[in-house]
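Please keep the sequence and the 3D view open as you read.

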Amino acid sequence: MRWLFFVLAFVACVICGLLGLTAGINLNPLTTVKYVPVWGSVGDWVVAIATTSAVVLSLHYSRNDDKECLKLQSLVHAISDGKNFQGASMTFRATCTGRLPTTVMKIGFGLESNKAAFYPVARYTTVYDKGRTHLSRGEIVEATLDQYGLIAFAREFSELVGDSSESIRFIVGTSLENYRVVLSNEARDTLDLCLKHIRESSESTED
């Protein structure tokens with residue numbers, strides 16, 4: 001919202017200047033009026049302010065668009081019903097949405113409670129773009145976990161998060177920063193089923 005501050009500051013300066021000029025004319029009209037140029041109509045002022053605001057906004061969005069930007073998604077496929085994750089698979093995708101090309105350094109998962117922890121996606125699947133690291137605008141890099149990959153994933157994270165995947169984060173690291181997002185509702189529901197399956201299997205084994 002920094003652009004809004006600059007726009008408001010500009011408008012405030014214009015208003016204060018007009019108020020000061022008005023006060024000067026009222027207090028000492030004979031000496032002040034000769035410094036007053038032809039200001040134009042109200043319509044001219046409105047058009048000028050609108051044009052200036054449009055230029056400021058366009059510069060702001062153009063500057064933001066030139067930054068590196070990734071959109072991260074977690075997509076679930078092939079769930080037979082809401083109680084069974086058998087046959088399910090999950091795709092984790094990063095899309096370059098900025099004008100600046102992006103160099104992907106790592107793809108994996110972490111925990112909200114431990115920002116330093118990182119679990120590379122290669123621990124759970126071989127289906128990912130190993131060689132794709134340089135993304136131009138609109139290009140994607142993704143990794144897919146099939147049913148067995150999800151079980152391996154849930155088995156490792158069950159000791160860390162219990163039955164809830166709420167604290168699990170999808171992480172993509174670039175040469176400039178690490179992007180972290182929460183999983184989609186569908187992804188969390190699927191992982192919760194996997195975590196529940198792992199816990200129940202462990203309890204039945206102990207019995």
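Which side chains meet in a salt bridge at 2.4 Å, N to O? They are those of Glu 156 and Arg 123.

## Ground rules

This is a predicted model, where local features need pLDDT of at least 70, side-chain atom pairs count only at pLDDT 80 or more, and totals for chains, interfaces and linings use all residues. Residues are numbered from 1 along each chain as its sequence is written, and side-chain values use heavy atoms, with hydrogens and water left out.

## Salt bridges

The whole structure holds five salt bridges (a side-chain nitrogen of Lys or Arg within 4 Å of a carboxyl oxygen of Asp or Glu). In one of them, Glu 112 pairs with Arg 169, with the closest N and O atoms 3.2 Å apart. This pair links distant parts of the chain, 57 residues apart: Glu 112 is in the loop between strand 3 and strand 4, and Arg 169 is in strand 7 (strands are DSSP runs of E, at least two residues; helices are runs of H or I, at least four; both are numbered from the N terminus). Glu 112, Lys 115 and Arg 169 form a linked network of salt bridges.

Arg 169 counts as buried because its relative accessible area is 11%, while Glu 112 is partly exposed at 36% (buried is under 20%, exposed over 50%, partly exposed in between, with a 1.4 Å probe and protein chains only).

## Around Ser 165

Ser 165 sits in the loop between helix 4 (147–161) and strand 7 (168–174). Its relative accessibility is 0%, so Ser 165 is buried. The Ser 165 side chain reaches the backbone oxygen of Arg 188 at 3.2 Å.

Terms used:
Polar contact = N/O pair within 3.5 Å; in protein donor to acceptor, adjacent residues only side chain to side chain.
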